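Let us walk through this structure step by step. We start with packed helices and then turn to rings.

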Amino acid sequence: MTPEATKPQYQIRNWSAYNAALKQRGSLTVWIDEEVLAGWLNTDKSGKRGASRTYSDLAIATMSTMGSVMHLRGRQTEGFMTSLFQLMQVDLPVPDHSTVSRRLGKLSIILPVVEGDGPRHVVVDSTGVKVYGEGEWKVRQHGYSKRRTWRKLHLGVDESTGEILAAVVSTNNVSDDEAFGDLLDGIEGEIEAVSADGAYDKRKCYDAIEERGADAHIPPREDAQYWEKEGETHARNQTLNRIEEVGRAEWKRESGYHRRSLAETMMFRFKTIFGDTCSRRTFSNQASELLLACAALNRMTHLGMPDSYVLNP
């Protein structure tokens with residue numbers, strides 16, 4: 001193997017802290033703390049006819065999150081939480097799996113995000129999450145089912161911290177550029193730049209980025225033409241001019257476009273930890289399941305991330 005073909009090797013600077021963070025991800029005290037136990041039961045009366053809800057939204061969210069983190073189905077999660085409360089000597093009832101399923105899609109989920117010191121560089125991408133799995137044996141024997149489908153998870157990731165700033169769940173017939181506006185609307189604070197791949201090379205995406213006062217780092221397609229009505233000052237036309245001057249590879253380097261790969265890394269982390277399938281049946285429940293997994297992934301990120309450097313640059 002030639003030196004040019006040698007893959008770069010990395011060394012982690014903060015291995016001790018990162019090692020502790022990895023252990024904390026499996027700690028039950030991270031996912032079930034005193035605040036969760038204190039807010040487990042619903043104390044607010046609905047004011048409507050019929051009995052008020054027994055469990056708070058926090059309890060339902062915790063049940064679903066534990067199921068995702070521990071890779072448990074509904075009934076298994078119910079049994080796990082019941083035995084856990086018994087071992088903890090916590091005198092609280094546990095919602096059954098049908099109650100969790102009935103209320104999950106109605107939850108309002110806010111991603112835990114650490115407040116930044118300044119404008120953020122956001123990298124955007126999407127991935128597919130399977131709804132109905134197609135096992136290898138079944139496909140070989142009977143072929144793909146007509147019901148086979150998936151959900152799309154659109155993510156906006158902070159380039160510097162690796163946090164998920166915003167997430168949108170859609171059906172598989174929604175294109176990336178259609179969900180782009182909602183994704184940016186979900187990000188609070190000032191945005192310095194947005195990096196995305198060629199799927200976002202659309203006017204609506206550039207308009208949404210301009211409304212936030214940010215720079216667009218989106219590579220036009222190979223045969224892209226100038227948008228004549230937009231003028232020379234338009235960000236896309238300026239990108240085309242720069243590509244003609246220095247080449248596409250150099251433009252990607254100087255614009256920092258390669259940082260967009262952090263979004264792909266986030267997708268890899270998400271599927272490695274939580275899997276690539278949804279366990280729920282309805283779209284609203286699937287959306288809540290994926291958003292709660294994103295919130296859990298942010299909590300894992302807050303525990304600590306590796307700080308690495310290249311050994312053989």
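Start where two helices touch. In helix 4, D57, I60, M63 and S64 meet T99, V100, R103 and L104 of helix 6. Contact here means heavy atoms within 4.5 Å. By class, this contact of helix 4 with helix 6 has 4 nonpolar, 2 polar and 2 charged residues. Ala, Val, Leu, Ile, Met, Phe, Trp, Tyr, Cys and Pro count as nonpolar, Asp, Glu, Lys and Arg as charged, and the others, Gly among them, as polar.

The model is predicted: local features need pLDDT of at least 70, side-chain atom pairs count only at pLDDT 80 or more, and totals for chains, interfaces and linings use all residues. Residues are numbered from 1 along each chain as its sequence is written, and side-chain values use heavy atoms, with hydrogens and water left out.

Now look at the geometry. Two packed helices are described by the angle between their axes and the distance between the axes. Axes are lines fitted to C-alpha atoms, for helices over the stretch in contact, and angles run from 0 to 180 degrees between N-to-C directions. Helices (H or I, at least four residues) are DSSP runs, numbered from the N terminus.

Helix 4 has another partner. Its axis and that of helix 5 (residues 74-88) come within 10 Å and cross at roughly 105 degrees. That makes helix 4 roughly perpendicular to helix 5. M63, M66 and G67 of helix 4 make the contact with T77, E78, F80 and M81 of helix 5. These residues divide into 4 nonpolar, 2 polar and 1 charged.

Next, the rings. There are 5 aromatic pairs, counting rings of Phe, Tyr and Trp (its six-membered ring) with centres within 6.5 Å. One is W40 with F85: the centres lie 5.1 Å apart and the planes stand at 70 degrees, so the pair is edge-to-face (over 60 degrees). W40 sits in the loop between helix 3 (34-38) and helix 4, F85 in helix 5, 45 residues apart.

Finally, a charge meets a ring. The charged end of R203 sits over the ring of W227, 4.4 Å from its centre. The rule asks for NZ of Lys or CZ of Arg within 6 Å of the ring centre and within 35 degrees of the ring normal.

Methods:
Parallel < 35°, antiparallel > 145°, perpendicular 65-115°, else oblique. Phe/Tyr/Trp six-rings, centres within 6.5 Å; stacked < 30°, edge-to-face > 60°.
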